[in-house]
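Open the model in your viewer and keep the sequence panel beside it. The stops below say what to select and what is there.

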Amino acid sequence: MKVVFRWFGENDDSVTLEQIRQIPGVTGVVSALFDIPVGEVWPLERILALKKKIEDHGLKLEVIESVNVHEDIKLGLPTRDRYIENYIETIKNLGQAGIKVLCYNFMPVFDWIRTDLAMKLPDGSEVMAYDDNVIRDLDPIELINEMESGSRGYSLPGWEPYRLKEIRRLFELYKDVDEEKLFQNLKYFLESIVPVCEKYDVKLAIHPDDPPWSVFKLPRIVTNKENLDRIINLVDSPYNGLTLCTGSLGANLKNNLPEMIRYFGGKGRIHFAHIRNIKVEKQGVFYETSHLSSDGSFDMFEIMKAYYDIGFDGYMRPDHGRMIWGEKARPGYGLYDRALGIMYLLGLWEAIDKMSKK
Ligand SMILES: [Mn+2]
């Protein structure tokens, strides 16, 4: 297992590479070229410059999160081929720069969604929270405004303003796209790009929808074991794999996380592990917690045990963390709580490893 840490670049992250390097066990960062508009090619020299900056700090850049997929591809519009061509060029450039894993998602219009970016817990820490009842009464535009105002001035990954301006038009277009159509559009996309990934040795890792159910009546398909199984079989290649995000999938308590890890990991299709804990209060209502099992709804020991048992040697990162100790950072992406999360996960891993060899 290779432990990595998400970093948003010099100009848009409160956390520095120097700090990341001092977290025990971390060997690399996960990053992206956040300023390149969705649908455009990532130039090789820009990728190499980012990689060099990271390597100059003693860390590796082998995982990209994310190269976002243009809405025309998700919608299956005739213009998608142009954007797929660009995506292919980006994959080639990433492969030439030595990138091994490419995380992406296939969520219509919205990326991850929360209804509160700074909910206060009794201990004074702040966490991101989600409540279906709030969403039900909300206009999508209101949600966008609330996300923007709660972001402390940092851009939120997946919430790029230039894309969201088009929101009304996109909602109209998605009226013709149900889950079945979205599966077909994903298949078309994968059939075009997987052969390039094979050639350039870049493993695709689709991130689950967050939360893993339909929001604002938009279709969502990366939601459960059955659908993930269908996705990896749309194109049956080891390069067509998953980002197994426990916090996203686990918001639906019907998703048995250790079982899914064993199933998809056993097939060699988990290329990237996002590990975090959330507290599910009831179906459709949850908030993020520390990584500790007793703080949330998941058994983190069983999750790490499942990864250990499948011999996981892919990339793992702590996912979101709480805002603690007065830190001011992008919601979910402070230094302190994610570093605590890593130490806890590595502690579990070491214990499992040593117990199994006794
Ligand atoms: Mn995740």
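Select Ala-251: it is buried, because 24 other C-beta atoms lie within 10 Å (buried means 20 or more such atoms within 10 Å, exposed 12 or fewer, partly exposed in between, with C-beta atoms placed from the backbone). This is a predicted model, in which local features need pLDDT of at least 70, side-chain atom pairs count only at pLDDT 80 or more, and totals for chains, interfaces and linings use all residues. Residues are numbered from 1 along each chain as its sequence is written.

Ala-251 sits in the loop between α11 (246-249) and α12; helices (H or I, at least four residues) and strands (E, at least two) are DSSP runs numbered from the N terminus. Now show Pro-211, Pro-212, Ile-278, Val-280 and Phe-286, which Ala-251 touches, leaving aside residues up to four places away in sequence (contact: C-beta atoms, placed from the backbone, within 7 Å).

Next, select helix α12 (residues 257-266), which lies across β8 and β9 (270-275) and runs at about 160° to β8. Angles run from 0 to 180 degrees between N-to-C directions, and axes are lines fitted to C-alpha atoms, for helices over the stretch in contact.

Leu-204 is opposite Asn-240 in β8.

Finally, colour the barrel: eight strands close it in the order β1-β2-β3-β4-β7-β8-β9-β12, with parallel pairing. From one strand to the next, the twist averages 30°.

Definitions and conventions:
Two strands pair if DSSP finds at least two bridges between them. Two residues are in contact if their C-beta atoms, placed from the backbone, lie within 7 Å.
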